[in-house]
Amino acid sequence: MKNARAEPSKAACPVAYLTDVEGIWEKLASFCHDNPHVSLEAGDRLRVQPGVTFVYGGDAIDRGAAGRRVLRTLLGAWRRQPSQVVLLAGNRDINKLRLVRELNGYPPVRAPPEVRVASRPLLLRWIFENSMGAREAFAFRHAELAGTGAAVSEEEVVDSFLEDLGPGGLLRDYLAACRLVHRIGNTLFVHGGVHEHSLWQVPSRGYVEGVDAWAEALNRWYAEQVEAFLEQRFDHEATPAWQPLIAYQAPAPGTRVNTASVVYGRMADENNHPMLPSQALIAALVREGIHRLVVGHTPSGDSPSVVRAEGFELILADNSYARVEGASRLFIRDDSIYVEGRAKLDNGRLEQVRFELAREEDSSGLGRQLLDSGHLVKGPLESGDWLLFRALPQWRIEQLSASPTELAGRSLGLARSGL
C-alpha cells in the first residue's frame, strides 16, 4: 500500500464513485472539488474527464434542501455523457413512485384513520416520516422551492413532488435513466447489496445464471417496471403494474433488510457493521470474474469501509451520516482502489484518511476485523496511526485510532458474522 500522502495513480480507465448524497449539495460539490476525474463547471454542470466512468450509487434525494438540484445535475451529466455516467436507482429514489396513488385517494393502508382523511400536506408529511425514512423531506423541499424568494404554500410543496413524477418530471426522467446493477471489469456495483436470495434472481423471471446475463435481465425488468409507470397503465383501484418494483426496493415486513433485493439488501449486520457475504456467494462471484462489490445504502462512518477476504473486496461507501461535512472519494481500477476522506475520532480529533491499495496487496490488516473487539481496520491516518471502526446499537458508531505497534499485537480475522 502506498503511503497516506499518495496521489491517485494515472492509470487508464478509472471509475469515480459517489453515493447517497441524499439532496445535500455540499456532498456533491465537495466530491467534485479538485477531483482529477469529475468536476463541476458553471455551477451545476458535472463533467467527467475523458476515459473516466462516473458511477452514482443511488439515493439522490430526501435529506437535504437541494434534491431537485442534485437530480438535475446527475441527469444532465448522464444526458451529455451517457457512455461515461452510470446512475443506480436507490430506494429513496424509487419509493417516490408510490406518491401518485397515495396522494390521490389511496393512502398507505397502515396510516391512521385521521391521517387517511387529512389534508395532502399532512398526509405527505406522515408518509415521509413513517414509511420512507425521510422525516424532514417536506421541509427540505419547501426550503428548496423558497430559495427563489417567492412565497411557497404547503400545497405547492405537494404539487412539486407530483410534478417531478409527471410527464417531463425531473425524478420521472431520472429513474428512467437509472439501472439496478452495473459491472465494470472485475467490479460489481449495486445500491444495497447482493445475497443468496438476490444473486441470479430476477422478479417474474426466476433464475438467470451468469453475472452478465443476470445483470442484463434485472436491468431490463427494472426498465419495464419504470416504463409501466411512465405509461400509467393502471386502474387506480387495482394494484399498479409497477407494484413489484415498489416491493423490490423496500425492506421485508418487520425488518430493515430485503435479502431478495439488490436495492435494499445490506452488506452489514443488524447494527450496520460491515460484513462480508458468505463464502459460497463470494465463490460464485469470483467464478464469474467479480472480485469486488461496491455498495451504498448502509451508512458506514466517515469514510468508505473496505472489507477484504482472499481474492475479494467489499466496499461500503455510504457516508451519509458522517460526523464530517462533505464527501469522501473513491476511485476504482481493476487492480487497485484509492480512498480519500476525513474522520472525526471519538476523542474529537479530526484526521485525514488517504491511501491507494492494490487488490492483491495485504497490508497491516486493512480490511480485516480485530477478533478481540470486532473493530474493522479501516485505513491509515495521516498521523501514522490506523483508523478502527465499529458500528454499535442504536445507530451509534465508534471511530478510534491505534498505533502500528498496537495493531501488530492483536489478532485479525475476516469481517463475517460470528467473529
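Predicted model: local features only at pLDDT ≥ 70, side-chain atom pairs only at ≥ 80, totals over all residues.
Biologist: How are two packed helices described?

Modeller: Two packed helices are described by the angle between their axes and the distance between the axes. Here, helix α7 (residues 137–145) packs against helix α8 (residues 154–165) at about 95 degrees, and their axes lie 10 Å apart. The two helices, α7 and α8, are therefore roughly perpendicular to each other.

Biologist: Which residues in α7 and α8 meet?

Modeller: From α7 come A137, F138, R141, H142 and L145; from α8 come E154, E156, V157, V158, S160, F161 and D164. By class, the residues of this contact are six nonpolar, two polar and four charged.

Biologist: Let us turn to salt bridges. How many does the structure hold?

Modeller: The structure holds 31 salt bridges. One of them joins D59 to R92, with the closest N and O atoms 3.9 Å apart. This pair links distant parts of the chain, since D59 lies in the loop between β4 (53–56) and α2 (67–80) and R92 in helix α3 (residues 91–94), 33 residues apart.

Biologist: Is D59 buried or exposed?

Modeller: Buried means under 20% relative accessible area. D59 counts as buried because its relative accessibility is 2%; R92, at 9%, is buried as well.

Biologist: Which residues are linked with D59 and R92 in a network of salt bridges?

Modeller: The network also includes E22, D62, R63 and K96.

Biologist: What do the side chains of R98 and E102 form?

Modeller: They meet in a salt bridge, 2.8 Å from N to O. Both R98 and E102 are buried.

Technical notes:
Residues numbered from 1 in each chain as written. Heavy atoms only, no water. Axes fitted to C-alpha atoms, helices over the stretch in contact; angles between N-to-C directions. Helix = DSSP H or I, 4+ residues; strand = E, 2+ residues; numbered from the N terminus. Parallel < 35°, antiparallel > 145°, perpendicular 65-115°, else oblique. Contact = heavy atoms within 4.5 Å. Nonpolar A, V, L, I, M, F, W, Y, C, P; charged D, E, K, R; others polar. Salt bridge = Lys/Arg side-chain N within 4 Å of Asp/Glu carboxyl O. Buried < 20%, exposed > 50% of the residue type's maximum accessible area, 1.4 Å probe, protein only.
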